[in-house]
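This report describes how the parts of a structure are arranged and where they meet. Please keep the sequence and the 3D view at hand while reading.

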Amino acid sequence: MKSLACVRIESDLAVVAAGEADKATARRVDEHVSRCESCRTLLASYRNVEAATAALRERPVDRPLLARSRERLEAGLADLRHRIVHYAIFPSPLGNVLVARSEMGVILVEYLRGAPHWPAQLTAQGLEPIEDHDGLSTLRKDFAAYLAGRSRRLEWPVDLRLARSDFQRSVLEATAAVPYGAVVSYKRIAREVGRPEAVRAVAQALRHNPIAIAIPCHRVIGTEGALVGYSGGKTALKEKLLSMEGVPIERERKDYRIVQRSTYLLEPGDHEYCLPTCPSKAKVPAGVSTWFGSRERAEAAGYRPCTTCRPDLHPLPSRSAP
Amino acid sequence: MSVVTDDAFTQLVAEHHAEIFRYLMRVTGRPSDADDLSQETFLRAFRARASQNSCEPRAWLFTIATNLIKNHFRAQKRRRRAHDALRERVPSGPDRDGEFSGRDVGEVVERIVAGLPLKQRLAFVQRKVHGFEYEVIAQNLRCSPESARANVFQATKKIRRALDGHSADRKEAP
């Protein structure tokens, strides 16, 4: 039968054996074991535990097993990196806009009006959305500068993983090439992607553009210059963006259209932009030109004034200079 | 707030994967669990890295691993798989014929540790193998430092008894 003193001192014996005792504890233990043989033996046992624990610390781990686990982890992390998308909601004059980016680039830009369908859209693709305001601060600044007209382009790398088909992907890529301050028709994009008959399909593909604004589907309009079908009936947003980019727009009752007489024209494959009245353009079919809201925008996109109609000498009256 | 960047995370994996794996191996006693839970520890850490505000990434990883271990054993219990698990898991304490002899002492202790109650096992391994302070262990196990200390002592006491029994067996062996 142990004495009460022996019972009480046992935890101190473990502390002393582990080398963690303060001076008072060490002294108390010393005094006790000097007159108690069983506790002296117990202290030796605890020292034995410490020695055995040191052996446990040094026990080698199965190296091939560890290496396989590390390899599996690296693969798992690469997969996760690919699936994670960071997002934030940017308040803007166009309303709240959700911007999400993956490791490859911006993957989703969506106007948040009505019921948002983006979370389902992301998770259905096996993606993992994570809210991250700090991580998107640069994008937020770019976006604000663009909407305030301080920046002419959103040079964001894009991730087209949410494209629904190869056709949509090619439509989005062709649309991404339409410069700031310019508009083209759905018909023109259909030609660009090698499916001239698929005008309606192009319109559908752009209606479901996952990366609004950054892939400028607002710069794609009807063959006759009407601002039709933007992101589910938000034609007014399209008008706002194009006006901000300096494209002249007029309103006829509820409909908006570009003012063709006030835009400069560029034919596919041409390097010179023209006045809408240029005689060299008489035979060009309707709806395949690029319309520029101003000479500055045409020249910023790398085009020269036509040497026949000389838009540089006879500029159009500017309706809304950028 | 310290944000763990992608590069910093790669560094974190390089520095801590082996230690986390060892920790899981010692606490679960099963290589397949150590593998699965170490994957999950780092994948969770990666997801949460933007909001990681602990200044000590090593303790942060141990906290994630510990929570996973607890969930793992809870789920295992729930699924009544204990019996199957025990068969695969290394046995605790000496076997019937006192077969500790011939094994190195580290292996003997490993087997004893594997048989400890979970909280004691976690506290003991964190303290004695990985050298954490009691305050850190307490945070990790969501208890007071006194409770962490008491768990380590209880574990040490049980190991001491098992080792004493073991050496007594060895003395008696012909």
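## Confidence in the model

Chain B has an average pLDDT of 83, and 78% of its residues score at least 70. The structure is a predicted model, and its scores are ipTM 0.81 and pTM 0.75.

The highest mean pLDDT, 96, belongs to helix 6 of chain B, whereas helix 4 of chain B (residues 82-88) has the lowest, 51. In residues 89-102 of chain B the pLDDT falls below 50, although this stretch has 26 contacts in the model beyond near neighbours in sequence.

## The two domains of chain B

The domain assignment of chain B places residues 1-89 in domain 1 and residues 93-174 in domain 2. Contact between them involves 12 residues of domain 1 of chain B and 13 residues of domain 2 of chain B.

On the side of domain 1 of chain B that touches domain 2 of chain B, helix 1 (6-28) and helix 3 (57-78) of chain B each supply at least two residues. Helix 3 of chain B makes the largest contribution to this side, with 6 residues. By class, the side of domain 1 of chain B that touches domain 2 of chain B consists of 6 nonpolar, 3 polar and 3 charged residues.

## Where chain B meets chain A

The contact between the two chains brings together 31 residues of chain B and 28 residues of chain A. Several helices of chain B each supply at least two residues of the side that touches chain A: helix 1, helix 2 (31-48), helix 5 (105-114), helix 6 (118-129) and helix 8 (145-172).

The largest share of the side of chain B that touches chain A comes from helix 2 of chain B, which provides 8 residues. The residues of this side of chain B comprise 17 nonpolar, 5 polar and 9 charged.

## The domains of chain A

Chain A is divided into domain 1 (4-58), domain 2 (62-162) and domain 3 (164-322). Taken over C-alpha atoms, the centres of domain 2 and domain 3 of chain A are separated by 29 Å.

These two domains of chain A are also in contact, through 14 residues of domain 2 and 15 residues of domain 3. The side of domain 2 of chain A that touches domain 3 of chain A has 10 nonpolar residues, 1 polar residue and 3 charged residues.

Notes
Residues are numbered from 1 along each chain as its sequence is written. Chains are lettered from A and ligands numbered from 1 in the order in which they are written. This is a predicted model: local features need pLDDT of at least 70, side-chain atom pairs count only at pLDDT 80 or more; totals for chains, interfaces and linings use all residues. Domain bounds come from an automatic or database domain assignment. Two residues are in contact if their C-beta atoms, placed from the backbone, lie within 7 Å. Helices (H or I, at least four residues) and strands (E, at least two) are DSSP runs, numbered from the N terminus. Ala, Val, Leu, Ile, Met, Phe, Trp, Tyr, Cys and Pro count as nonpolar, Asp, Glu, Lys and Arg as charged, and the others, Gly among them, as polar. pLDDT is the predictor's confidence in each residue, from 0 to 100.
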